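The following note sets out comments on the structure shown below.

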Amino acid sequence: MEEEEEAKKHVKMLQLPGVESLLSNGGKEVPLSSIEGRMACLFFSAHWCRPCRNFTPKLVQIYTMLRNTGKNIEIIFISLDHDETSFLNHFKSMPWLALPFNTSLRRKLCSHFGIEHIPALIPLSETPSGGLGFEDDVVKLVEEYGVDAYPFSAKRRGELEAMDDARRQGGKLQELLGCKDRDYVISADGIKISIADLTGKTIGLYFGAHWCPPCRAFTKQLMEVYNELKILRPGSFEVIFISIDRSKEEFQASLSAMPWLAIPYSDTATQELTRVFAIKGIPALLILGLDGKVLKTDGRTAISAYGATAFPFTESRVSEVDEALRKEGDKLPRQVNDPRHSHELELDMAKAYICDECLQKGRHWVFSCKQCNFDLHPSCVEESN
């Protein structure tokens, strides 16, 4: 009911500057007055524009859902195509109305509504004086929130952002990881694990994709830490994969190589979590503490730099590990001469290496040759001396 009241503020349409009639999807002319009583949005788009082609199917889906649920909304397509044939071909994919192809009129409308890029979706509104007003471009709002963005107003954006903030700060795993029809996550072999079973664990939310080489590299690092903690601290750490893969096949390829759990592919929670936590790039690892709230720690950096030693990946623990490593380094010489190697070895810090003496994996402090590929554990150097 509140949404409908909000929408009514937008629909007492008067006139669009210079516009007398519109085109239906079937090519028939309809008077501008036909949208009286509807919430109207102007959609500036062109077929030559790739972002427009990507956004249009999403907008069609949202428009159809809104109309099917009784929302009194109309969209008016204003073409920035190069010619009328391109306009008509672009318009075929749209179920709404359009401004007849008119390059002079579209320039005036672009200027009037301040259109600087496309796609642009401009909700129209009535000003207090009864004139025609409009909201800012809501393409980003629609991309982020989908049908929930209706009625596309600044007030609605504020409400949605407040709900996101509540989920981010609430510490409730079901609200974060689940949805109305799902209270579980899945394992690589399809077994459903109740989200409630994750309570009381440190959880890593891993945003990644099979097509991303840095993700594949980080997955290996994360697996080492995950498997190590399963032995050292069984039941204390879990990872939830949130797929940014482009297909279900890619998702299955990602998950099949992972020992942890995942949000099902194409689940609404994937887009919501990406938005709620403002994920801008992958791989990304967010750490949830025992209270279900996100820690300030950069999970990817903590895992890459310190491994399982930094568990439970709180800021204080990462600081402790960093300080301990610093003190350890202060006790070591800057250079050593080892009889097994002809060059001087210098103290360095490495995320991972293989010691040429004991052939075991190493991490952090290492004595390395700058001229060739030779590394020694500090303990191996001490034993040889």
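1. Leaving aside residues up to four places away in sequence, H341 touches C369, C372 and F374, where contact means heavy atoms within 4.5 Å. H341 sits in the loop between β14 (335–336) and β15. With a relative accessible area of 15%, H341 is buried; buried denotes under 20% relative accessible area, exposed over 50%, and partly exposed in between, for a 1.4 Å probe and protein chains only.

2. Basis of the values. The model is predicted, so local features need pLDDT of at least 70 and side-chain atom pairs count only at pLDDT 80 or more, while totals for chains, interfaces and linings use all residues. Residues are numbered from 1 along each chain as its sequence is written, and side-chain values use heavy atoms, with hydrogens and water left out.

3. Domains and elements. The domain assignment gives domain 1 (13–160), domain 2 (173–268 + 277–322) and domain 3 (332–376); such bounds come from an automatic or database assignment. The secondary structure comes to 13 helices and 17 strands, taken as DSSP runs numbered from the N terminus (helices H or I, at least four residues; strands E, at least two).

4. Largest pocket. This pocket holds about 1300 Å³ of space. Its lining has 35 residues, and the closest to the pocket centre are E143, E144, Y145, Q271 and R275. The elements that give two or more residues to this lining are α2 (50–68), α5 (139–145), α6 (154–170) and α10 (268–276), with the largest share, eight residues, coming from α6. On a 1 Å grid over the protein atoms alone, a pocket is an open set of points with protein on both sides within 12 Å along at least five of seven lines, a cavity is a set where a 1.4 Å probe fits but cannot get out, and lining residues have an atom within 4 Å of a point. Grid points are joined across faces, edges and corners, and a volume is the space filled by probe spheres set on the points.

5. Composition of that lining. By class, the lining of the largest pocket has 11 nonpolar, eight polar and 16 charged residues. Here Ala, Val, Leu, Ile, Met, Phe, Trp, Tyr, Cys and Pro count as nonpolar, Asp, Glu, Lys and Arg as charged, and the others, Gly among them, as polar. Domain 1 and domain 2 each contribute at least three residues to the lining of the largest pocket.

6. Second largest pocket. About 330 Å³ of space lies in this pocket. Among its 16 lining residues, E224, K351, A352, K361 and R363 are the closest to the centre. At least two lining residues come from each of α8 (213–232), α11 (299–306), β15 (345–354) and β16 (361–368). The second largest pocket lies between domain 2 and domain 3, because both give residues to its lining.

7. Cavity. The count is one cavity of 30 Å³ or more, and the largest cavity has a volume of about 40 Å³. Its lining consists of I78, S79, F87, L99, P100, F101, N102 and R106.

8. Overall form. The radius of gyration of the protein is 29 Å, whereas a compact globule of 385 residues would have one near 21 Å; the radius is taken over C-alpha atoms, and the globule rule is 2.2 Å times the number of residues to the power 0.38. Along the principal axes, the C-alpha atoms fill a box of roughly 95 × 45 × 40 Å. The centres of domain 1 and domain 3, taken over C-alpha atoms, are separated by 64 Å.
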